[in-house]
Every structure is written in C-alpha cells, then in structure tokens.
Amino acid sequence: MASYRSLREHEEEDLLGNVFGDNAEDEYDPNLPWRERIKSWWEANVGVGDRTRHIVSAVLATIIVLVFVIIVRSGSDSGPAPVPSEPIASNWTDVRLPHWIKPTRYDLDLHVDVEGATFEGTVQISLQILNTTSFVAFHSVGLTVHSAALINGPTPSRNETREDTQYTLLWFDTPLRGRTNHTLKLSFNGTLSNGLSGFYRSTYKGGKNDQETKYIATTQFEPTDARRAFPCLDEPGMKSVFQINMTVPWRYHALSNMPYTDVKDAAGSKRFVFEETKEMSTYLVAYIVSEFESVKGKTDRGVNVAVYTQPGKTDLGRFALTTAIDVLEFYEKTYGIAYPLPKGDLIAIPDFAAGAMENWGLVTYRDTALLVDNATSSAKEKQRVAEVIAHELAHQWFGSPLPVIRSNRLLIFGYSYPRGAQAAHPTWRIEDQFVTFDLLRALDADASRYTHPIAATVHNPEEIREIFDDISYAKGSSVIRMLESYLTTSVSPKFFFDRIHAYLSSHAYSNAETKQLWAAFDTDGMSVGSIMSTWTDQPGYPIITVEDTGNGRVSLKQERFYLSPGNATVDEAQTWQVPFTYAVYDRSGSAGKAQTVVLKEGGPVTIKTGGGAKGVVLGNVGRTGVYRVKYPEETYQEVAKWLEEDKKALSPVDLAGLLNDAL
C-alpha cells in the first residue's frame with residue numbers, strides 16, 4: 001500500500017465480492033439512467049483522489065472501516081434465484097448458484113509442492129439440500145477435478161462445466177430430496193499461479209548474501225478466487241465451517257486462519273492440522289506455505305498476535321506488532337465485543353496486488369503496508385502502515401463473524417479505522433486529516449451531473465468496477481460520519497456505539513439486511529432509514545445557502561450543488577434531510593455552542609442567531625456534514641477580519657472547509 005490508490009484497489013476487490021452476496025432483500029430499487037453515463041465520466045476522471053495521498057477513509061471509530069454503502073444487489077432486482085416448484089431436469093443458466101443448496105462444512109486436505117509450483121488435494125463439502133433438486137453445483141477455475149461424487153449417495157448421471165459462469169453441474173437421474181444432507185467429495189490438482197489471485201507463488205531473495213531465489217505459496221481469494229484453489233460454492237453468502245490440513249515440504253511451515261493443533265513429520269514433509277473455523281465465507285479463507293519468521297506478542301486479554309516477515313527481517317515487523325495489539329484492544333473496548341479468534345497473524349507478502357486483505361485471522365499485506373524500518377522510515381510511511389493495519393483489523397469484526405451483508409460491513413467498518421490508528425498513535429491527529437483527504441475529495445467527485453448514488457444495483461463484477469470510485473468509497477464513509485455526529489449530539493454521546501454493539505450482537509454469524517442496520521438507530525419520532533435514503537439513494541449533495549433576513553434571524557435553503565452551474569436543469573428538485581450544524585459567532589470571533597437543525601424536503605428553515613444584528617452564523621461545525629455552505633458576502637468579510645487578527649480563530653478543519661466551499 002504505497003499510496004491511497006492501493007487502498008482503493010483493495011476496496012475494489014472487497015466490493016466485487018458483493019455482487020454474489022446474500023443481499024437481495026434490500027428495498028432499494030433505483031430508476032436512474034446513470035449506468036451508461038458513469039462509465040464515460042469515470043474514464044474522464046480516473047485520476048480523482050490520486051492527487052492527494054493515501055489516507056484513511058472515514059473518520060470515526062467503528063463503523064465503516066472501509067466505507068461506502070454500496071448497497072449491491074445480487075443477480076437481478078427480483079432477488080435470488082427462485083426455488084423451483086419441481087426439480088429442474090435439464091438446464092440451469094443463472095449466474096448464481098441455487099440458494100436451496102447450502103454448504104455447511106468443508107474438510108480440505110492439501111499437498112503443496114512449493115518449488116515444483118503444484119498442489120493437489122481433496123475436499124469434502126457437507127451440503128444441506130433445502131428443496132428437491134436434480135443437480136448440485138460447485139465453482140472451479142483452472143483446476144483439474146479428477147472425481148466428483150456424493151458419499152453414500154446416488155451417482156451423477158452426467159456433469160456439465162460452464163466456463164461462462166465458472167461452475168460445474170452434477171446431474172442426477174433420481175432427484176435429491178429436499179430437507180436432506182449430503183456430502184460431496186472431490187479430488188483435484190492445480191498449478192501455483194504466476195498471477196496474484198487464487199493460490200499463487202511469490203518469490204524473494206534470501207539465503208547466502210540474499211542471492212538465492214526463495215518461494216512462498218500464498219492465497220488471495222477476494223472477490224471470487226477461492227474457486228481457483230479448491231472446488232467450492234464460492235459466493236460470500238454461502239458461509240461454512242472450514243477444517244484445513246496441509247502437507248508441505250519439511251523445511252517449510254504452513255499458516256491458515258486458525259492455529260494448528262498438530263504437526264506430523266512424514267517422508268520429507270510435514271502435515272499441519274488446523275483448528276476448525278467458525279462460519280465464514282470462502283473469500284476469507286487463507287493458507288500460506290513459507291519459511292518466514294515472526295515476532296510475537298499478546299493483547300491484554302491473551303490473544304496471540306504475530307507479524308511474519310522474510311527470514312532475518314523480523315525487526316521490520318515490530319512497529320506493526322505493537323500497533324496491531326493497541327488497535328485490537330481499542331476495537332474490543334469500542335465495539336464491546338471480544339476479538340472472535342484465538343490468534344491474529346499479519347504477514348508481508350513479497351508480491352501482492354492490493355494494499356492488504358482481511359483474511360480472518362491471517363491478514364496479508366503488501367510489504368510496504370506492513371514493514372517499518374525505525375531508522376529510515378518517515379512519519380508519513382509509519383502513519384500509512386498504522387492506517388492499513390487498523391483498516392484490516394476492523395474487518396475482523398465487520399467481516400465473516402458479524403453481519404454478512406457486505407454493504408453493511410463496509411458501511412460500518414470503513415468508518416472505524418481512523419480512530420483505530422489514532423488510538424495506537426494519538427499524537428498524529430489522523431481523524432482531522434479525514435476532512436481534507438476524504439470528505440473534500442468526495443465532494444469534488446460528486447459535484448458532476450454524471451455521478452451516481454452510493455446505493456447501486458449491479459449484476460456482475462464488471463459493473464461494479466465501473467462504479468467503484470470516490471462516491472462509493474469516500475462519500476459513503478462521510479455519510480456515516482455525519483450520521484454518527486448527528487446521533488451523538490441529538491440523542492446522546494453513547495447512542496451510536498451502543499446501537500452498533502446491539503446490532504452486531506444480534507446479527508452475529510447471520511445474514512442481515514441494510515434496513516436492519518438503519519432500524520438499529522431508530523428512536524421514537526426518528527426514522528434513520530428515511531434520513532439515510534436521501535443520501536444513499538440519489539446522486540449528488542446539497543449546498544446550503546445562508547441568507548440574513550434581519551431581526552437576528554437567518555434563512556437556510558438547500559439545492560443540489562454542481563461544480564459547473566450549467567449542469568443544473570430547471571425541472572430538477574432534489575432535496576435531502578440535512579442535519580445542519582451551526583454556531584453563532586459574535587463580532588470578535590467567539591463561538592457559541594454548536595447546535596443542529598434538520599433541513600427536510602419541505603423548504604427553507606429559519607433559525608435565530610441569538611446575537612441580534614451582530615451575530616454571524618457559520619455552518620457545518622467540525623465539517624461532519626456532507627454538504628457545502630454559501631454565505632452572504634458580509635460573512636466572508638467578517639471572517640477575514642478575525643483571521644487577520646488571529647490565524648487560529650477557526651479550527652483547522654473548519655477553516656479548510658470554509659475555504660473549499662468558498663472557492
């Protein structure tokens with residue numbers, strides 16, 4: 001993760017998994033003709049955001065570590081593939097697997113020849129057949145599957161491999177009855193890829209004088225590449241327990257999501273037997289074969305934490321180790337939920353496409369996103385590493401163990417890691433940087449007529465790539481940051497995180513819908529869903545015009561903001577429910593207490609300045625709002641006088657926002 005761009009690339013892969021998630025029951029059903037337009041807009045603006053630097057995506061502590069609320073719906077608007085009234089006898093063409101066939105457990109046994117770049121194995125997949133079916137299906141890409149059969153079940157009459165949908169269908173003359181369980185056993189082999197997905201081989205220089213070529217076999221399964229490593233039902237909503245065994249050459253060792261329970265020597269090799277996982281998605285499975293070394297520690301609660309590096313370079317992992325321990329302890333306290341695994345491994349991979357990947361219990365990183373040389377690394381490089389670590393560790397809560405609607409997970413988690421990084425390194429003021437590097441970038445990107453809503457309907461991974469941008473990433477986290485600020489001030493300081501804790505606890509290890517996330521914040525007289533839909537279901541954002549009406553009052557009016565005024569149309573009348581924060585300053589620049597008023601769709605709102613004719617109203621205090629503010633010319637002149645007398649008359653974030661709005 002050498003740049004902000006690499007973090008976005010990781011999030012793109014994270015989002016791609018959503019297209020096959022179990023998210024079809026969300027109520028969003030947009031009717032906006034933006035899909036074709038966004039492609040050309042994206043191509044014209046593909047550099048947006050790179051001009052700044054990589055920085056954390058959202059500012060808050062626990063609720064979106066990766067940030068956009070892209071409310072992706074799988075397959076078609078009508079939801080998941082329908083259950084047939086009778087067994088399908090001859091054909092199945094849906095891009096998704098049938099949802100009446102559910103995997104519950106994988107027993108995966110692998111033999112890996114790292115230097116020969118090959119692997120072979122068997123997998124037994126325990127299946128629940130919910131409705132009578134004439135076939136079962138599994139994903140497989142680039143593998144040679146030697147056999148596929150049900151244990152103690154009927155023999156398949158034929159098999160059919162679909163290259164376009166990347167799955168194989170096993171057909172049975174006698175249908176499998178509903179409400180029965182079966183075990184599908186497959187044997188397979190493959191080649192360690194030269195690419196950076198699936199099960200692949202990476203190289204580095206080591207040995208004597210660092211002149212020998214060394215190998216590491218590692219995995220990258222997000223978004224849908226577990227199918228390149230072993231046959232599986234490779235959709236994020238199809239969560240299962242995994243028990244993994246790995247036989248590797250004697251001088252190598254194996255890592256996976258869980259600790260190993262046994263290691264046995266056998267004929268020049270070692271067999272690692274790993275603990276059974278909890279339920280999780282295939283894209284979070286990970287296993288690695290290497291000669292790497294580690295530096296280790298424990299959290300206050302006794303969770304084992306280790307950072308793995310190339311041999312002889314463990315000192316470069318010490319900064320990451322202390323940061324990871326501090327971040328884990330902070331998240332446990334903030335979320336009110338214990339880290340759900342017995343260990344947390346972090347490993348630096350020599351060749352890695354994304355900045356990092358949040359495999360549950362075995363997080364993989366690009367070298368530059370994990371390793372720090374305390375003698376030569378700059379403060380900027382250290383901050384980047386801390387942010388990436390905090391980002392990935394927040395995923396350990398908002399991933400497989402907790403609500404799986406991946407839009408919810410990203411929505412919640414993307415907002416967490418700035419505070420996680422700041423908790424580990426409090427003097428860096430990481431949260432303040434969010435305004436200039438995320439919020440303002442999102443406002444620039446969303447000011448075009450050819451933008452798109454945060455919530456978007458997509459049908460396949462290619463469409464997701466078209467809409468992955470600063471709207472889904474930076475604006476998504478900014479909207480949640482705004483909601484947190486509003487609920488904190490309008491209800492209570494603990495309300496937001498208390499409700500997040502309740503939401504996570506009630507939906508642990510289960511599927512959840514976006515509407516359930518919003519409902520968790522509802523109170524008597526306030527529907528958070530109705531507020532949030534105005535921000536997630538339509539493109540753009542408002543500019544709030546402040547007009548002095550005299551007699552100690554000002555009027556607030558909203559309209560959609562366009563960077564180029566010619567983009568606006570006469571018949572467009574978009575409105576938002578805007579939690580407008582403001583403070584009234586006297587002529588000396590002293591601010592009164594910040595207050596909030598909600599601008600709804602009905603029209604202008606009048607507020608009292610409380611300062612007679614001399615009161616000056618400044619909005620968007622703390623820059624928590626996703627909107628711009630336009631003031632009378634007299635207000636700008638007054639603020640300029642304050643700043644001439646005292647350059648610190650406004651906080652850095654408020655000054656940055658004021659200047660950005662004005663220019």
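This is a predicted model: local features need pLDDT of at least 70, side-chain atom pairs count only at pLDDT 80 or more; totals for chains, interfaces and linings use all residues.

User: At what angle do helices α9 and α10 pack?

Analyst: Axes are lines fitted to C-alpha atoms, for helices over the stretch in contact, and angles run from 0 to 180 degrees between N-to-C directions. Helices (H or I, at least four residues) and strands (E, at least two) are DSSP runs, numbered from the N terminus. Helix α9 (residues 470-490) packs with α10 (residues 495-506) at about 115 degrees, their axes being 8 Å apart. The two are therefore roughly perpendicular (65 to 115 degrees).

User: Which residues of α9 and α10 meet?

Analyst: Contact means heavy atoms within 4.5 Å. Ile-480, Glu-484, Leu-487 and Thr-488 of α9 meet Phe-495, Phe-496 and Phe-497 of α10.

User: How far apart are the axes of α7 and α9?

Analyst: The axes of α7 (residues 430-445) and α9 lie 9 Å apart, at an angle of about 120 degrees.

User: In what order do the strands of the open sheet stand?

Analyst: Two strands pair if DSSP finds at least two bridges between them. The order of the 3 strands is β3-β6-β5, with antiparallel pairing. β3 (133-139) and β5 (158-162) are at the edges, each with a single partner strand, so one side of each has no neighbour in the sheet. Between β3 and β6 (residues 167-176) there are 6 bridges; Phe-138 has Thr-168 in β6 as its bridge partner.

Key. Residues are numbered from 1 along each chain as its sequence is written. Side-chain values use heavy atoms; hydrogens and water are left out. Angles under 35 degrees count as roughly parallel, over 145 as roughly antiparallel, 65 to 115 as roughly perpendicular and the rest as oblique.
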